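Please read the following note with the sequence and the model side by side.

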Amino acid sequence: MQTGVCYFPEHWPRERWETDVEQMAEAGLEYVRMAEFSWGVLEPERDEFAFEWLDEAVSLIGEYGMQAVLCTPTATPPKWLVDEHPEILQEDPDGTVREHGSRRHYCFNSERYREETERIVRRVAERYAENPHVAGFQTDNEYGCHFTVRCYCDDCAAAFRSWLKEKYDTIAELNTAWGNRFWSQQYDSFEAIDPPGPTPAEHHPSRLLEYARFASDSVVEYNRLHVELLTEANPEWFVTHNFMGRFPTLDAYAVSEDLDLVSWDSYPTGFVQDRQHDEATPDQLRAGNPDQIGMDHDLYRSTLDRPFWVMEQQPGDVNWPPHCPQPGEGAMRLWAHHATAHGADAVCYFRWRRCLEGQEQYHAGLRKQDGSPDRGYHDAVRAGTELQAIGDGPIENVDASVALLFDYDALWALSAQPHAPEFDYWELLEAFYGAARSRGVQVDVIHPSFALDDYELLLAPALHLVTDDLAKRLTAYVEEGGRILFGPRTGVKDEYNKLRPTLQPGPLSDLVGATVDQHGSFPSRMERTVTPVAEDDEQYAARTWAEWLDPDDAELRFTYQSEGIEFGRPAVVENTVGDGTVVYCGVWPGPDLADELVRPLLADASLPYSEQLPQGVRIGARAGHTWITNFSSERYRIVARTDASWVVGDDTLEAFDVAVAEGNLVDGLSIEPV
Amino acid sequence: MQTGVCYFPEHWPRERWETDVEQMAEAGLEYVRMAEFSWGVLEPERDEFAFEWLDEAVSLIGEYGMQAVLCTPTATPPKWLVDEHPEILQEDPDGTVREHGSRRHYCFNSERYREETERIVRRVAERYAENPHVAGFQTDNEYGCHFTVRCYCDDCAAAFRSWLKEKYDTIAELNTAWGNRFWSQQYDSFEAIDPPGPTPAEHHPSRLLEYARFASDSVVEYNRLHVELLTEANPEWFVTHNFMGRFPTLDAYAVSEDLDLVSWDSYPTGFVQDRQHDEATPDQLRAGNPDQIGMDHDLYRSTLDRPFWVMEQQPGDVNWPPHCPQPGEGAMRLWAHHATAHGADAVCYFRWRRCLEGQEQYHAGLRKQDGSPDRGYHDAVRAGTELQAIGDGPIENVDASVALLFDYDALWALSAQPHAPEFDYWELLEAFYGAARSRGVQVDVIHPSFALDDYELLLAPALHLVTDDLAKRLTAYVEEGGRILFGPRTGVKDEYNKLRPTLQPGPLSDLVGATVDQHGSFPSRMERTVTPVAEDDEQYAARTWAEWLDPDDAELRFTYQSEGIEFGRPAVVENTVGDGTVVYCGVWPGPDLADELVRPLLADASLPYSEQLPQGVRIGARAGHTWITNFSSERYRIVARTDASWVVGDDTLEAFDVAVAEGNLVDGLSIEPV
Amino acid sequence: MQTGVCYFPEHWPRERWETDVEQMAEAGLEYVRMAEFSWGVLEPERDEFAFEWLDEAVSLIGEYGMQAVLCTPTATPPKWLVDEHPEILQEDPDGTVREHGSRRHYCFNSERYREETERIVRRVAERYAENPHVAGFQTDNEYGCHFTVRCYCDDCAAAFRSWLKEKYDTIAELNTAWGNRFWSQQYDSFEAIDPPGPTPAEHHPSRLLEYARFASDSVVEYNRLHVELLTEANPEWFVTHNFMGRFPTLDAYAVSEDLDLVSWDSYPTGFVQDRQHDEATPDQLRAGNPDQIGMDHDLYRSTLDRPFWVMEQQPGDVNWPPHCPQPGEGAMRLWAHHATAHGADAVCYFRWRRCLEGQEQYHAGLRKQDGSPDRGYHDAVRAGTELQAIGDGPIENVDASVALLFDYDALWALSAQPHAPEFDYWELLEAFYGAARSRGVQVDVIHPSFALDDYELLLAPALHLVTDDLAKRLTAYVEEGGRILFGPRTGVKDEYNKLRPTLQPGPLSDLVGATVDQHGSFPSRMERTVTPVAEDDEQYAARTWAEWLDPDDAELRFTYQSEGIEFGRPAVVENTVGDGTVVYCGVWPGPDLADELVRPLLADASLPYSEQLPQGVRIGARAGHTWITNFSSERYRIVARTDASWVVGDDTLEAFDVAVAEGNLVDGLSIEPV
């Protein structure tokens, strides 16, 4: 395991640099990421380049035995470039220009900006192609941050039309594929199609889905340009991109195909405030939600089925969420361990020192504004030492037997037609994911097109768009002994976001052994409950979405118990197909129901699992070790089935603490309050 | 009573049509509405018309003994037309264009669009002028849906100026009428007047009221164009328009003057979520609010004092409200009966089959997406059979002795100056309307200019703008023995939305026998209470608005009991004028206070009324029958004064159930929980 | 003490004027303000002036022994002027024009509008230069109302660039001062700098602060133009401006420097609804929050260290807040006394009579719409008589020994980076201000650059930007025996809104004897508590912001007691420097903690203070009298240490009542519930 830090030498006097770099080396840091917003310093005027400062910084880093990770500085085109070519700016749907003055103001489809990108990336890449201290490159920075994947400018309009022409032979084919007869929405040519602007009523869902795909593809294409230039300059470099948490507009699988290494930026107390609908608990405000962060770790690990990096690890308080409470004692150490347990090969902290200027002054660094060590510094040093002890360099990747099927098309389709304000696909995924994680089970987060054979169990909530081909692959998977747990809103649409002329789940109906008779959505004040057919005195909470089923071959598992027309009707069914098992759950399950669905499938697959873990505690086995991480302020005792050999900590978990033992202790492990 | 359905043959393969039409006929449906969004199919390119498909669909409908209702397809100008003439599009106040990509994107004042309208309507009308299977025409579709009555484009600016020139002789007259001295808002010519755009502070209320009138008039004029063309083609056709629930921007009385038949689109579980401020209860999410829907039925019945149609009846779950729970068991049947009890002559369901394409995929039909019967189908067949049994064809209209005075001018004036976020004129109307309905009394919802003589009682909450002429008519009505219950904010303004230089209620002061001393508004956390002068241990809740009165001739009925400066002051007074009675209520009454005000007036008028009905149960007498409808999930027993002869159901009301008895059972009827 | 009224003769028939003016004189009013929105009447067409009406009104006022206060009518440029020169209109950041149709639609930086201003002001000033009945002039009206200080039009862009050029020698200097290396935000020329428009992410805080300063300066400059023209016409006139409550965008200190007299418009029940985040209590809806209004009185008194005027006093219900409950019995009298206790020399009511036209019809006057006396009239007459009895003309100003340091730069910087949605600088100021006021202590609200020597105690919460010079002045103040209570977020930034490279409180660290180790912000559901080191069984509530401190010389006073990483760490410290004392409080204190901090400092300074007053009662000593004002509906008994001689009322305070005694009774006074 390795650690690193993000550094902005351009923000500090040169005479300070060596002190900084020396302190980094002392802290055990191995990588220093730099230059992602440096265009204005590297090229203060057109064609007047100033690389010396970066040369010197890289040299210093090398002198102190560390490696630099450099970035293409395209996330912040300087003002002179914007003034020369204002057409590179993004536009809102209503034509409002997204102006210079922050970052990410360029359009991915601007031909002009692609030329400028090529110019600057080539220049940077060539400058460092032979430099022995540069380990690799990050492309741009956090594509999509600040809702910038989707732009609505004229360049995008033109690019969208080209993209559609490539996909559809004729405009008639497109009209049919989308169903444009509806409300007289036919186009008579590709030229007639615009990006979706302001309209009196909601947009056509097929048009929206295609625009979402197009916009994401634009980023993929733009990123590929960077990758090609960098690889051309030095094929030895790793090329990565730092995804920013989870963004709902960018297909991370597609971007990752062009990368050697996937990395992401992890801000647990930020994300828990602005990317989850439930109000953050005090403990979550101190350390984040381990399943939210964990699912992102797993997503980025699964993109290439390879260990990932945390390119930016929250170092303390941050500026951008609504509130910035101080993280709990040791939280920064906890996050580094948690990332490792999920498959991280490196954790780099953002940033070295609190910045004196600009938008991020209220963002902590490992060092305070005066250069003295901050809380994150002590945590980072401790975590680095502990992790080094576990493995000095890359360690074996996580080996998961359970996969969560995640599809950006489903995300985009459901976002266009949520039919309940509370319906958030990510959170539905977490409801199923969390059930496995609360049993200590590692989970890959894969695209449905990925190979399925290695998994014992697939979790597939709201697998909304299902092609015949996917249906066949899933059926074959089950017939050969696989297990699938489907969640609600599965099998609803074709690939163009149209309803199928068969009942839900469409091409999966035989596999599921049932069809959906009706669906409905509910506000939170109308919680639904279901009861198992065997023990009808038990009740399990469910929410938001309720489908009642019409079982054919499938066996009834749960019926609705809550008042209303659903009462007594089938909510969950189970089917046996070939050597495998399929469960279809028509509701958004609460944690206990999700556990009742997942646990038997784990047992059936003979996968080791723990006792149900407390909300804030998560465990993970990797590379011959087991991590137990505590995201809560409670103290716990760890009770393992076998004697544990502790590498970090011991069987007492303090608040926000971590323990690491040798071997895989998951089976039967329990966590007890002290 | 008759039933029908809305059908989109253009969405389905021709080979399917006959099956569909045959099934419609089997289901007892008599009318099939078609083609309201079909412009793109009827005229795929300019002047290339394709009517054959519609010809064939009409023929099939005729063959199976049904009648077609066709529509002018103007609600969805196709893309080629928008591209040719982008000036037909609407604009927001800030100039943002409302683009193609949904529906209702045209401006009512576009001369170009009127020409295009004339062209297509004439073509459609001529095509079917001689067709024996076309019963009538619907103009356009749901004028005003998606907030499209008010547009702010250049065409509207010009039309607004013309409209004003027609109304005012000189600009000086307008300046005086509006009071434009205030804040130096004088105009020096009609050309200087724009539609109300974005301004630093709020707009002049007189200008806003005139713009609201103008915008509504634009729709009236635009609709008249359709009516004239259709009537010219075939004077035998009925011409209707389908109003969409209640819209706050379109004067339904004015539009209706040009129609033969008024129809509207009823979506009980949708409206209860997005057109009422109170959170919908679970029962309302299952079946809607009977008074909300009932008041709309009554409004549309009263426009022409003639039975109306429900042109679109919700058939199951719908896509557009926040949540889409399944309606309660039998709700679709319940709504058909409820509509009939309120004066419907026909109920047409929207739509035949769940659509596979476009924006309404999550909107149920009578048949599911695979063509199999859906819940609404069974309900519709049952309701059809039951209603057919009551009367095979048109039955006698509702005969109401109570009228609610409803004035769009008041709505527009109060919307511009609510002076409490909770002040919603429609909901205030419902507070008074509901009191009559909770006693089983039928209510006409009439414009104040309508004939008043046939009514025993007028309810007039917030009759905000009162001309001298109206004051005279109301006074004459009372002198001749009539009864009026005024609600708060009555008699405040002149016809230009200016205050009068006399105390409220201005020209009604003599009639009321009191003036308003002070008014105030209150947030919901400051509920007001009043107490009757006779029994001051009783307290009645009131809300939002409180006027205290200065009685002259009038007698004191209720005083304020809640803490604050109102305490002890007059809240409700009663006056005797000629042979009649006037009650003025200065507060927004809760249900019990409203009942305390309405019941004695019903008794005084010797009108039959029931015991106070539970919130979810409503009764209605029409054409020699009494309907008892249950919009709740409770079971009830119906206790009538006389032996009932049941035509539908019996004296036990299940959840969401209906019973129909012969005769008028209203007097003394009570509904008791089982 | 004097009283006056605002009058719009142009809204009423001439034959009414004399009646009105006669009634004003009878009511004891001495000043009549007129003409602030009269441009359209004064100049109905370009260069066609109509002054006769105003001449006549001024004459009448003089005839009845009163004085006119006239206004420059620039707040409402008429439509003909806007049509001639649409470039005078303001623009939103996205370019949306703020159109004619309300008021304040002109841009302060429009050269054209400055010329027009000069033309009309000169004309008005010359007209009345010799008129013996005009006492003085008000410039424009409520600068900044409706968020109009900041405009984003091309004129503003140009003016901003000039303003920057004047401030910075070179663009390089600006880039360095702001820290534009961050995110490549360097400019290559002043011409490259725009007003802050729509951007993907948040703006650079230094750019925002400079734009805020520039926009405020634009108003200062624009106002100076009026002052110069008026003074030139008649140097005897007083020139004032009526500030509207508190606006977060306009530096009232800077505007006031050019004025002879500062006045403001006080709407207690309006401001409590729309300028405070806490929900208004029922009592506050009836009379406002005395500390909110009181702090504004004190701010405007402190601008010139001179008595101020209330140019518009709320006369009853008003139209613009969400709700308009009737003020409590006597509230209008209460407000007049309260203003006097805070240093008002005159109270003018807005308006004489409820207006029949335009946007303010729902705004009460002293007379109702029919001309009869309204509630405010009776209150005003009574207050006038009572206040006249205390002093017939100007009385001695308030003499405060405590000052609250208030800095618009801090306000603007904190608004750009609140880092907690609840963080409102004004409300934090009130937390400290309220502690002094709840002890009956008068407080000046001064800019940090003002002379400090006369004060015994300075309250300085969130003194966010601290220059070395200010640090020196504060240190000198303490060394000479002064006392300072600092609040959280003090000493964070340099004058360009950049962090300092030293720990907070930067240049104040020696004075405070401690530095800030960490800070965090919290949602309201995570209230913080602190405990005094001496008595750790006491707990005091705090909120929103929590800094934990690292004391050097300072003594520990309070530590955190609430759960979380702050627990046990220093929250409040105290330091002795020279002859003085400094307390630094790292939290936003609740009322009891604020009292625990302020009271000992008052005692230390031997300042007289009362027992802790109930929330709604405030007292104030001025000019040899003590006012006790009750903003609550409770009854109280006043218990003074010495026998009181009552000039108004007595020792029983009714709801919304006032009592005035001779002498200064503050010391030890207590208010007890009856």
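1. Basis of the model. This is a predicted model, in which local features need pLDDT of at least 70 and side-chain atom pairs count only at pLDDT 80 or more, while totals for chains, interfaces and linings use all residues. Residues are numbered from 1 along each chain as its sequence is written, chains are lettered from A and ligands numbered from 1 in the order in which they are written, and side-chain values use heavy atoms, with hydrogens and water left out.

2. The barrel of chain A. In chain A, eight strands close into a barrel with parallel pairing, in the order 1-2-3-6-7-8-9-10. From one strand to the next, the twist averages 30°. Strands here (E, at least two residues) and helices (H or I, at least four residues) are DSSP runs, numbered from the N terminus. Two strands pair if DSSP finds at least two bridges between them.

3. Which residue of strand 3 of chain A stands opposite R33(A)? The residue is V69(A). Strand 2 (residues 31–34) and strand 3 (residues 67–71) of chain A run parallel and are joined by four bridges.

4. Helix 12 (residues 290–304) of chain A lies across strand 7 (238–244), strand 8 (261–266) and strand 9 (308–313) of chain A. The helix runs at about 165° to strand 8 of chain A. Such angles run from 0 to 180 degrees between N-to-C directions, and the axes are lines fitted to C-alpha atoms, for helices over the stretch in contact.

5. The open sheet of chain B. In chain B, four strands form an open sheet with antiparallel pairing, in the order 22-23-27-25. Strand 22 (617–622) and strand 25 (646–648) of chain B are the edge strands, each pairing on one side only. Direction ignored, neighbouring strands of this sheet are turned by 25° against each other on average.

6. Details of that sheet. Two bridges pair strand 25 of chain B with strand 27 (residues 658–662) of chain B in the antiparallel sense. Within this part of chain B, A661(B) in strand 27 is the bridge partner of W646(B). Helix 13 (residues 331–341) of chain B lies across strand 22, strand 23 (625–630), strand 25 and strand 27 of chain B, and runs at about 140° to strand 23 of chain B.

7. Salt bridges. Side chains of opposite charge can pair when their charged atoms come close. A salt bridge is counted here when a side-chain nitrogen of Lys or Arg lies within 4 Å of a carboxyl oxygen of Asp or Glu. Over all chains, the whole structure has 162 salt bridges. One of them joins R224(A) and D258(A), with the closest N and O atoms 3.0 Å apart. R224(A) lies in helix 8 of chain A and D258(A) in the loop between helix 9 (252–256) and strand 8 of chain A, so the pair ties together parts that are 34 residues apart in sequence.

8. The interface of chain A and chain B. Here 58 residues of chain A are in contact with 54 residues of chain B, contact meaning heavy atoms within 4.5 Å. The two chains bury about 4,700 Å² between them, 55% of it on carbon and sulfur atoms. F182(A), W183(A) and P200(A) supply 16% of the area that chain A buries against chain B, more than any other three residues. Buried area is the accessible area (1.4 Å probe) that two parts lose on being put together, summed over both.

9. Charged pairs at that interface. How many salt bridges cross the interface of chain A and chain B? The rule finds six salt bridges. Among them is the pair D517(A) and K368(B), whose closest N and O atoms are 2.8 Å apart. On the side of chain A that touches chain B, strand 15 of chain A gives the most, with five residues.

10. The interface of chain B and chain C. This contact takes 58 residues from chain B and 54 residues from chain C. Chain B and chain C bury about 4,700 Å² between them, 55% of it on carbon and sulfur atoms. Six salt bridges are counted between chain B and chain C. E329(C) forms a salt bridge with R569(B), the closest N and O atoms being 3.5 Å apart.
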